[in-house]
Every structure is written in C-alpha cells, then in structure tokens.
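User: I'm new to this structure and would like to learn how to read it. Could you walk me through it?

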Amino acid sequence: MRLRIHRGTREIGGTCIELESGGSRILLDLGLPLDARDLASTPLPNVEGLAGSSSTLLAIVLSHGHRDHWGLIPKVNPQIPLLMGRATESIIRAAADFVPDAVKLNATRHLEHNKPIQLGPFTVLPRLVDHSGFDAYAMEVEADGKRLFYSGDLRAHGRKGSLFEALINNPPRNIDTMLMEGSSLGRLADDQTFPSEAALEETFVDRFKITAGMALVACSAQNIDRVVTIYRAAKRTGRTLIVDAYASEVLKATGQDSIPKPAPGWSNLAVFIPKSQRVQLVRNNIAALVDSYRGFRLWPEELAEHAPRSVMLFRGWMMRDLDQAKALAGAKVFWSQWDGYLSEGSAGDALKADCERRGITFESIHTSGHASPGDLKRLASAVDPKRLIPIHTFEREKFPSLFQNVVLADDDEWIDM
Ligand SMILES: [Zn+2]
Ligand SMILES: [Zn+2]
C-alpha cells in the first residue's frame, strides 16, 4: 500500500488522501480548501479518474460532514461510489435545501462504528469519534499487510468524549502510518486545554439567568453537540429553545432519539420561521415541511411576549424579524462559533456591528471542535505508530517536539507504507 496526501500537509481544509494497493485506489475525504472562493473555480486534486472514469478508483470515503472534508464531491463523476455515515448523509441532504452551493449527496454504503468494510484490497474499519461535526469517524485501513490510521477530525472534550477515551483504551494496533490532525496547534499553547461542552452548558445557564430578554445564540445548527448544550441550558433556566426550519430539519436528520427536535415528546422547543425562510421554503417546493412542526410553531406576534423565556438559535439576518416583532428588548447575543468567523468584512463582523448599533451585548461563548495538544499527545502515544504524519494543520513544525516518530510529508508526494 502507498499513500499520498493531496492537500492538508500544511493547511486545514481541502483534506484529500489517496491510498493505492495493487493498482486499486480509494480516497479518504475530498474537501473544499478553506480559501476556496467558490466551487466552480476550485480545481479537483490530481487524482486519476475523479472527473472522468477509471475502473481503479474504487470509492471515496468521507470521514464526516464538514465541507473541508467533502466540499469537492459535486465536481466528481457521480458513478464513483461514496461512503459516509448514515446521519452525515441525511444532514447534508437536509441542509441542501437551505444552504447556498449545497448538494444532496447519495451514499452507496454507510460507515458504521467498528464494522469493517471491504473495498477491493482495502479493509476499512470506521471508529466513531467525538467532534463538532456529527457522525464523524476516524479510520483504520489495512491492505497488503500494512496498516494506516487516519484520525479524521476529533476531540475529547465534547458530549461524546467517552468515545475518545475508548479509542485510547482500545487503540488501533500495529499501525505503520498514522495521519493525525493538528488543528489546535498554534491556536492553543501546548499545555492549555479547551473548555468542555459540559462547562459551556454551565456558562450558558449563568448567562441565560441574567438575560432580561431573549438570549440569541449564534451557532451552527449542524454543530449538534452545541445545539444540545444550548437546549439543556435553556431547559434548566425555564426557557424554550426556538429554532428555524433549517435547524429543525438538521436535528431531525440526526435520526437520534436523544437529540432534541420538533417531534412528540420534546418540551422547551419551538419553531419560528423567519420571513425570508418562508419564501425560501416555497421557492424550493418544500413548504409542506412546516406541517410536521404542528404544535411547535411560534408566530411573529408571539415573539415579544415569549422573549424573556426564550433562547433562539440565531443568525444575523434574523435580527430584522425580531426587530419587526418588537422582541429585542433586553436581548443579548452570544457568539458560539469560531472567532475566526468574526474577521473584518464577515457576516459575524456585521452582526457584531449591528449589535453595537442597537446597544445589544455581544459575548463569545465557544469551545473548539478539535482536540487540545495534550489530548493529541495521549492519542498519539496510545496508537504508537511507526510513523506519524501531520495532516489538517497549519503548524506541522510543532509535531516533532510534541510526538514520537514524526515524518513530515508534502502535498502530492507518494509515500510507501
Ligand atoms: Zn470537522
Ligand atoms: Zn476539518
């Protein structure tokens, strides 16, 4: 078996790993680079048969539903088999009706925790991991008697942190090459840790208690861990979490009974459909979706009255609806995403300015979707690979001082296992 990383040896985003054995190949992830302007102007990596046809390219396996891991899929030959988690597929499909530039991917097969999949000479063993993206997998791949472990994106401090401990207690054995993400390196000192989702829940509880009006939380609906954190904090403070149709559909798409959603049995949850979303639903011919929210709907004229007992999963463009409904008295905005999205000229930056203008407090409450350097150290020493190659990092130079057996690779370079 040999491998080449097409993108990711020096950056976060655009992850793509090609594995080859006896002339057959598979890809692990095919992401959109973070700096891509748009899909149309971003070329596919140099993989034979990606756009055209090639009988030797057996499949593309997606670790999870973040676009930096699957964003280029719409450009590939649709005949190529696609593998991903079941919830990953449903969430991507549900989101496609609401998010620009999105597509409804079709999985040929689904990844399942600890269930090996045979793809020609490759045996792929997915391991469910804790990450800000739902239904995320690390993967062991075996071929020609050689063994590779790809971490995907993962962390230890989320709501499924026990999966990380399980991975460390029962690590993949006899790994020749490990590809490990290093997103946190450079963002956090080597001895620093990120707050856990549980700690974030306590912070939200504190803040919701002292918020007179509506608590507006700007977070990604696809960060399911975070939505659960916010829902729990809302419930603990006697508030109702208000979600829009997009978040409702994403929550339903998880297919998990334990995830809050507008469905029988769930309390402290309501659905509000902003004006522009109503237009979008009609335009996309999915207005019938709202029928499934019966019993959960909150109407514009009810917002002001409900505001002091509500938390809204919020985006900047919803401010207009809240303003028109006179529901902003005593409101506070909590930014619960990466601070990088607040950079000058971004939608986050515009929201911050809008809050300033309106005299609405703006506070950041967030934790990373990626493991701290300390947790990465625990993972690397548990797996104890013969060779550790950094991937999904801007700080590969930090690897040799933190981990054993580090070998730096270059994009596009073939590496023999
Ligand atoms: Zn991710
Ligand atoms: Zn990623």
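This is a predicted model: local features need pLDDT of at least 70, side-chain atom pairs count only at pLDDT 80 or more; totals for chains, interfaces and linings use all residues.

User: Which protein donors does the zinc ion (ligand 1) have?

Analyst: Donors are N, O and S atoms within 2.8 Å of the metal (3.2 Å for Na, K and Ca); water is not among the atoms, so sites may look incomplete. Here they are His-64 (NE2), His-66 (ND1), His-131 (NE2) and Asp-153 (OD), at 2.1 to 2.3 Å from the zinc ion (ligand 1). Asp-153 also bridges to the zinc ion (ligand 2), and the two ions lie 3.4 Å apart.

User: Why is the arrangement around the zinc ion (ligand 1) irregular?

Analyst: Ideal angles for four tetrahedral donors are 109.5 degrees. Four donors count as tetrahedral if all angles lie between 85 and 135 degrees; four count as square planar and six as octahedral if opposite donors are over 155 degrees apart and all others between 65 and 115; anything else is irregular. The 4 donor atoms here subtend angles of 92 to 160°, which makes the arrangement irregular.

User: Where do His-64 and His-131 lie?

Analyst: Helices (H or I, at least four residues) and strands (E, at least two) are DSSP runs, numbered from the N terminus. His-64 lies in the loop between strand E4 (57-61) and helix H1 (67-70), and His-131 in the loop between strand E8 (122-129) and strand E9 (136-143), so the pair ties together parts that are 67 residues apart in sequence. Both His-64 and His-131 are buried, where buried means under 20% relative accessible area, exposed over 50%, and partly exposed in between (1.4 Å probe, protein chains only).

User: What order do the strands of the open sheet have?

Analyst: Strands of a sheet pair through backbone hydrogen bonds, either parallel or antiparallel. Two strands pair if DSSP finds at least two bridges between them. The open sheet has 7 strands in the order E6-E5-E4-E3-E2-E1-E19, with mixed pairing. Strand E6 (109-111) and strand E19 (414-416) stand at the edges with a single partner strand each, so one side of each is left without a neighbour in the sheet. Strand E1 (residues 2-7) runs antiparallel to E19, joined by 3 bridges; Arg-2 has Asp-416 in E19 as its bridge partner.

User: How many bridges join E8 to E9?

Analyst: There are 7, and the two strands run antiparallel. One bridge partner pair is Arg-127 with Ala-138 in E9. E8 and E9 form a hairpin with 6 residues between them. E9 is mostly covered, with 7 of its 8 residues buried. On to the next pair: 5 bridges join E9 to strand E10 (residues 146-150), again antiparallel, and Ala-143 stands opposite Lys-146 in E10.

User: What phi does Asp-144 have, positive or negative?

Analyst: Most residues other than glycine have a negative phi. Asp-144, though not a glycine, has a positive phi of about 55°, and this residue sits in the loop between E9 and E10. His-392 also has a positive phi of about 55° without being a glycine. His-392 is found in the loop between strand E18 (387-391) and helix H12 (399-402), and is buried with a relative accessible area of 2%.

How values were computed. Residues are numbered from 1 along each chain as its sequence is written. Chains are lettered from A and ligands numbered from 1 in the order in which they are written. Side-chain values use heavy atoms; hydrogens and water are left out.
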